Amino acid sequence: MQQMLNIIIIIIILLSASLQGKTVNWNTLPLEKKVTESLNEEPYTRSRVSSKDDSTQALHFIGAGLHPKSCAYALIKLSRYEDYSKFLSFIKTSAYDEQKQRIILKLSHTLLPFDMGLNFVLPRIKGPGTYPFRFDRGFLKGLKGAIHVSKHKERCLFYSEAHWEGPDSGINNQVFGFFSQALGKIAFERLFRISQTLWAVLY
């Protein structure tokens, strides 16, 4: 009997792990129907920041967008992380270490409370699938998330989710939520725009 229970538990754990690793697609988007339908016209972002007490903060971010081109076409530019400073004006410098799969960005924008450096791990996105990322140093250390890429009616769906909990950043929760949501939306819109053509344009 105990052996049977152990087998059942193992099966449940394996099933749970396989579901967590599944790529989110159009039919499994964890969004309200009206929000999902709005992706046909524009990307969507949502950022929520909360505090359990005065010394901690937590961030939950989601973003989704339906690129007008195929995944193969869109990723010609979107996978070039080292060129993001050419595509987005608020990214001042951008670099990518292929061997370590590490992105290094320096950001500056009027929406940001201060100039910000980001250094995190993300595999180069080459096609449909799930690509986990993590911040293992600096601002938002401990943040984990994933970018899901899937095909939808000759277009390419991108869905991103990120979660972080750590020491209070010193940034007001509402301000933190506002700039992360607003810059996320700007990034989606502009990256989608520049990746509709092979021309390099700075926005």
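Glu-82 is partly exposed at 22% relative accessibility (buried is under 20% relative accessible area, exposed over 50%, partly exposed in between, with a 1.4 Å probe and protein chains only). The model is predicted: local features need pLDDT of at least 70, side-chain atom pairs count only at pLDDT 80 or more, and totals for chains, interfaces and linings use all residues. Residues are numbered from 1 along each chain as its sequence is written, and side-chain values use heavy atoms, without hydrogens and water.

**Salt bridges**
- The structure holds 11 salt bridges (a side-chain nitrogen of Lys or Arg within 4 Å of a carboxyl oxygen of Asp or Glu).
- Glu-82 pairs with Arg-80 at 3.7 Å, N to O.
- Arg-80 is partly exposed at 35%; it also bridges to Asp-83 at 3.5 Å.
- Asp-83 is buried at 16%.
- Arg-102 and Asp-136 have their closest N and O atoms 2.8 Å apart.
- Arg-102 lies in strand E4 and Asp-136 in the loop between E6 and E7, 34 residues apart (strands are DSSP runs of E, at least two residues; helices are H or I, at least four; both are numbered from the N terminus).
- Arg-102 is buried at 11%, whereas Asp-136 is partly exposed at 25%.
- Shared partners join Arg-80, Glu-82, Asp-83, Lys-86, Glu-98 and Arg-124 into one network.

**Helix H3**
- Cys-71, Ala-74, Leu-75, Lys-77 and Leu-78 are the buried residues of H3.
- They sit on the same side of H3, because they cover an arc of only 160° around the axis (taken from the directions from the helix axis to the C-beta atoms).
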